[in-house]
Amino acid sequence: MYAQTSLMAELEDAMRHGSSDKRIATLRRVTNLFLMKSERLNEDQIQVFDEVLCHLMARVEARVLAELGERLAPIHNAPVEAIRALARHDEIAVAGPVLAISERLAPQDLVDIARTKGRQHLLAICKRKMLSEPVTDALIERGDAEVVSRLVDNAGAAFSDSGYTRLVEKARSDEALCEGVGLRADIPLHIFRDLLEHTTDSVRSRLLSLASAEKREEIRAILRDIPNGVPAHDRAAPDFAESEQHVRRLNEAGQLNQLALLEFVHTGRYAESVVALALMCGAPVELIERIFNDARSESLLIPCKAAGLSWMTLRALILLQSGKRGINAQDLGKIKNDYARLSQATAQRVLRFWATEQTLRDPDSGSGDKASA
């Protein structure tokens, strides 16, 4: 009893004319008292603590508020207004713990913060165990690629039909996101069909390989109803002659570039992708097709570097090439590092050697005529 009386006197003094250190010490003592008694407090008593904490919080620095947030975030009956004030703080060190786990934040609190705060606040919200549809709608609307990806990976996030529709739109230019959306158990069937209909063969193949047995059958059933829905590696050999004519016309019109190549890759047009890469690096189509059929994704480094293509383009080609077998993130990271170290001059020399080697091995292959001729 004496301790409480002493604390109240200290609080009164700190509020009126205490120094910064005194206010911090008082804030910590009030917090300690609340944490010790929180399980026995009713809402009226918690509201008293809430008023005191909010008053003290208004005049202390961010590092102290960050400490307070860490301590209050896990408490299921923490003072509501104090939690809301912490969650809305501009410093993510203060707001982050509360946004990620506090049960005292209502969905509308999270929606308001998602609509007004920055990227780090949105990422913190994505960590919550459960997220309602209005919250995910707000996060999808304002979030960048990383926010949306984290959100899709959260099994406790619920999405509205409009939210899923926007995710599918974003996924059309992001294969990793497309896979994440496609593997969610709660995606509505009509939206899942739309996703499969507009994605690439390589993504369809990876979804088949990664999905559960039940989901795999669902994917196959949808693909059977979609024109050209069977992944490229399950189809008959593509018609390179027709594709080559089309890509050569693009090249002659000055329209064959990385964007055009990426469009072929992202729409699953295997033959056009092979021919376009051959034209861009000046190698025979037969050689580039052989590289695509090689189980080693590293082989693609040579023609891509010889053509001066970006890592993003090489990555897209590797994912198309890997098809059903896929490729893990660790191997992709190693290839990315190797690609950065490889010089264009070295790649061009190796490519010329490979072309010569193929000509000597198969004189009738027509390899002597470069695709760029």
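Figure 1. Helices here are DSSP runs of H or I with at least four residues, strands are runs of E with at least two, and both are numbered from the N terminus. This is a predicted model, so local features need pLDDT of at least 70 and side-chain atom pairs count only at pLDDT 80 or more, while totals for chains, interfaces and linings use all residues. Residues are numbered from 1 along each chain as its sequence is written, and side-chain values use heavy atoms, with hydrogens and water left out. Of the 373 residues, 48% count as buried (under 20% relative accessible area; exposed is over 50%, partly exposed is in between, with a 1.4 Å probe and protein chains only). The protein exposes about 18,800 Å², and carbon and sulfur atoms supply 51% of that (Shrake-Rupley method, 1.4 Å probe; for residues, only the protein chains shown count as cover). Among contacts (heavy atoms within 4.5 Å) with a separation of 6 or more, 64% join residues 24 or more positions apart.

**Figure 2. Confidence averages a pLDDT of 85 over the protein.** pLDDT is the predictor's confidence in each residue, from 0 to 100, and 86% of the residues score at least 70. Residues 1-6 fall below 50, and beyond near neighbours in sequence this stretch has three contacts in the model. Residues 366-370 are also below 50, with nine contacts beyond near neighbours in sequence.

**Figure 3. Ile-83 sits in helix 5, residues 80-87.** Ile-83 counts as buried because its relative accessibility is 0%. Skipping residues up to four places away in sequence, Ile-83 touches Leu-72, Ala-78, Val-98, Ser-102, Arg-104 and Leu-105. Ala-73 is 10 residues from Ile-83 in sequence and 7.6 Å away in space, C-alpha to C-alpha.

**Figure 4. Thr-116 belongs to helix 7, residues 107-116.** With a relative accessible area of 59%, Thr-116 is exposed. Its side chain reaches the backbone oxygen of Asp-112 at 2.8 Å. Across 26 residues of chain, the C-alpha atoms of Thr-116 and Arg-142 are separated by 9.2 Å.

**Figure 5. Asp-153 is part of helix 10, residues 145-153.** Asp-153 is exposed, since its relative accessible area is 59%. Gly-180 lies 27 residues from Asp-153 in sequence, yet their C-alpha atoms are 6.7 Å apart.

**Figure 6. Phe-159 and Tyr-164 make a tilted aromatic pair.** Three aromatic pairs turn up in a search of the whole structure (rings of Phe, Tyr and Trp, the last by its six-membered ring, with centres within 6.5 Å; planes under 30 degrees apart are stacked, over 60 edge-to-face, the rest tilted). In this one, the centres are 5.1 Å apart and the planes make 55°. Phe-159 is buried at 7% relative accessibility, and Tyr-164 is buried at 1%.

**Figure 7. Lys-215 and Phe-192 show a charge over a ring.** The test is NZ of Lys or CZ of Arg within 6 Å of the ring centre and within 35 degrees of the ring normal. Lys-215 is 4.4 Å from the ring centre of Phe-192. The charged end of Lys-305 sits over Tyr-339, 4.3 Å from the centre of its ring.

**Figure 8. Ser-243 is found in helix 16, residues 240-252.** Ser-243 counts as buried, at 6% relative accessibility. Apart from neighbours within four places in sequence, Ser-243 contacts Ala-271, Glu-272 and Val-275.

Terms used
Polar contact = N/O pair within 3.5 Å; in protein donor to acceptor, adjacent residues only side chain to side chain.
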